[in-house]
Amino acid sequence: CSLGSLTRVAEMALNKGWGWPYAAFCAVSISLCIVIDILQYSSVLSFLPQSLKDEGYQSHEISAVIGSYYWAGFLGGTCITSWQIRKVIAVEAEPLKWSHLKGHIVSLIVGLMCGAIALTIEGLWPAMHIHVVMRFVQGFLGAFLFFFAFFLSIELFQAKSLQQRIAITMSTMALHCAEVLGPFFGASIFIRFGQRAVFLTLAGMSLIGQFMLVIVYTTLPKDVEQHDITPTSEVFSPVPETAVVTIWPGQSSSETTPLLPPSQQKKQRVRAARRRWGELKKMLGTPMLWRSVLVVAPAAMVKAALENILPLFADHKLKYDEYEVGLCFTLMAVSFLTTSLIIGVVWDYLDDMGQNWFVTLSMVFLGCISSILLLAYMYGGDCNLLIDDLFDATPDCAPYKHSVRFFYLCLVLFGIASAGCFTPAGYLIAEYVDSLNNPAVKDAANGIWNTLWEVGGCFGIALSGIPQARNWVQEQVLMTSIGMVIIICAFTFFWVSILATDDEEATLGCCMTDKKRARERNGSVPESPMAGDLTPNLSGPDSD
C-alpha cells in the first residue's frame, strides 16, 4: 500500500438493489444453467453404460464416453482461466459495467445453444463416436457455463446481501442435486420413452434456460444509467504522485492525462505493466483466495470418488438394485439441500472466527464420515469383524435392518457434511471477488477457483478407478485415505483463514493511512466525494 506513483481513484458502484421477484427470477435463471450443465453428464449414467455394453463395447471404451465430459470440463476451465489471467496482465483496469455482466449472459446463452445442438445430434444419431465427440463438446461448454453462471450469482447482486447469499446457495445446490438426482431423472424418462427422449428433453430444457436469460439480458440497465449515487470502492491508477485524478464511469484513463513526450509515455507503459503484474501476484498470493480452494477442492475429490465407488460397493456387497442405489444418492441430495438452506440463513449471524470454525469442523466431519461410510454396513450384519474381509474381501453381508439404517444414516451425514463444505466455499470466494475492483481480476479469481474445483473432482474420479471393482478392502482404504487428506486440509484451512483475516485488517489499515497522507499533502480541506468516507451530499447546499 505504498503511495509511490499511485493514487486513489474512486469508482462508482453499480446499483444492484433489485426487488425480490426480479432477484428470484435472475437467481433461478442462473441456477437452471448449472442444472442443465450437470444433467448433461449425470442423467445418462443410469442407462448409457449398460446400452453401450449391450452393443459389445469394452469397459475402457465406455469409460472414454463417460469420462470425456469431466476431462473436457477440466480442459475448458483451464482455457478460460488462462484467458482471464492474460486479461489481467494485458488489459488496463476499468470499472465494472453492466455491459461486462451482459457479456457473461450472452456467453451463457451461446453455450446453452451449442449444448442443445450437441444434445440433439447425440439423441438422433446415438453411435459410439457421436457420443464421444458430443459429450466432449458438452463438457467443454459446461466449464464456460459454470464459470459465467457462478460469477453472475456473485456480481449480479449487492455484495454481502441476502439476495447474493441466496443466489450462491441456489447455484451450489443446483450443481450437487443435479449431479446426484440426474441418474433418477434420466432413468425415469428412459424407461418410459427411450434413450432419444432423454437427450431431446435436455435440449428442450436448454431452450427454456436461454429464453429466461434473454429476459434477464433485456431487463438489465444500460451503462448510461448504471451507477448508484454512492461511490463504494477505490482502485489504483498510475498517475503522478502529486496529482489526484478522478476517473468517472465510461471515461478511459487516457482522457485524464495530458499528452506526454514518447519517453514519458514509455515510462508510463512500463509502470502500468508492472502494476498489472503486481495485481496478478497479489491475487495469486492472497490467503482469501486459497482458503476457499482448500475447502472446495478436497470436498470435490471425496464426493467424486464416492459417486463412483458407491454403486459398485452397493452392487457387489449389499446386492442393491438400481432403485436402491438411487435411494442412496437421494438421501445424500435431500440432506445436502436441507443443510444448504439452513447454512444460508445462519451464515450472517456468525463472525469471522465462527465461520472459520464452522468450515473447519465441517471438513473434519466430512473426513470422518468418508472414512467410516463403507464400514457402516457391517454394523449388525454377518460381517462384524474387519479382519474377516482382510482375508476374504468378497463375501456378501446380509442386509439386516439395523445395518441398513446405520448405513443410510451415514449417507445422510455425508450429505450434511458436504453441504457444510461446498456452501460456505461459495460464500468465501464471493467475499473475495466482491473485494476486488478490476473486473479482469474478478474473472481470473473466479476461474482459478472453478478450475481447481474441477481438478479436485478429476482426482477423485481417477483415484476411484484404483480399487478393483469387487474388492471392498481396497475401496475402504481409498475412502479412508481421502478422508485423512480432508482432515489435514481442514487444519490448513484454519491456519490460512487466520492469515487472510490478518491480511484483510492490514490492508484496511494501510488504506486509511494512505487517505490520511493524501489529505495532509493536499492541505486541510473538508471531506469530498473523492476522499474520506466517499459519501457525497447530493441534496443541495441548503439541505440539512
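The conversation below goes through this predicted model and asks what lies behind the terms used for it.

User: What makes α5 a largely enclosed helix?

Analyst: The count of buried residues does. In α5, 21 of the 28 residues are buried, so the helix is largely enclosed by the rest of the structure.

User: And how do you know how the reach of α5 compares with the expected span?

Analyst: Helix α5 covers residues 128-155 and reaches 41 Å from its first C-alpha to its last.

User: Why is the contact between E155 and K16 called a salt bridge?

Analyst: The rule asks for a side-chain nitrogen of Lys or Arg within 4 Å of a carboxyl oxygen of Asp or Glu. For E155 and K16 the N to O distance is 3.3 Å, so the pair meets the rule. The two residues come from distant parts of the chain: E155 is in helix α5, while K16 is in the loop between β1 (6-14) and α1, 139 residues away. Both E155 and K16 are buried.

User: How do you know whether E155 and K442 are buried or exposed?

Analyst: Compare each value with the cut-off for buried, which is under 20%. E155 has 2% relative accessibility, so it counts as buried. K442 has a relative accessible area of 4%, so K442 is buried too.

User: Where does the salt bridge of E431 lead, and why are its two residues called buried?

Analyst: E431 pairs with R291, with the closest N and O atoms 3.3 Å apart. This pair also links distant parts of the chain, with E431 in helix α13 and R291 in helix α9 (residues 287-316), 140 residues apart. E431 has a relative accessible area of 17%, which is under 20%, so it is buried. R291, with 5%, is buried by that rule as well.

User: Which residues have the most contacts inside the largest nonpolar core?

Analyst: They are L156, F157, M363 and F407, in a core of 130 residues. Helix α13 (residues 401-435) gives the most to this core, with 17 residues. Leaving aside neighbours within four places in sequence, L156 is in contact with residues including K16, W18, W98 and V216.

User: Why is Q40 called buried, and what is it in contact with?

Analyst: Q40, in helix α1 (residues 20-42), has 3% relative accessibility, so it falls under the 20% cut-off and counts as buried. Beyond its neighbours within four places in sequence, its contacts are Y69, G115, L119, R135, Q138 and L202.

User: How do you know that G447 and F147 come together in space?

Analyst: Their C-alpha atoms are 6.4 Å apart, although 300 residues separate them in sequence. G447 is also in contact with T81. G447 lies in helix α14 and is buried, at 0% relative accessible area.

User: To finish, what makes Y349 exposed, and which patch includes Y349?

Analyst: Exposed means over 50%, and Y349 has 72% relative accessibility, so it qualifies. Y349 sits in the loop between α10 (322-346) and α11 (352-372). Together with I342, V345 and V346, Y349 makes a nonpolar surface patch of about 440 Å².

Definitions and conventions:
Residues numbered from 1 in each chain as written. Predicted model: local features only at pLDDT ≥ 70, side-chain atom pairs only at ≥ 80, totals over all residues. Heavy atoms only, no water. Patch = residues over 30% accessible without salt bridge, like charges linked within 9 Å, V, L, I, M, F, W, Y side chains within 5 Å. Areas by Shrake-Rupley, 256 points an atom, 1.4 Å probe, with all protein chains shown as cover. Helix = DSSP H or I, 4+ residues; strand = E, 2+ residues; numbered from the N terminus. Buried < 20%, exposed > 50% of the residue type's maximum accessible area, 1.4 Å probe, protein only. Expected span 1.5 Å × (residues − 1). Contact = heavy atoms within 4.5 Å. Core = buried A, V, L, I, M, F, W, Y, C linked by side-chain atoms within 4.5 Å.
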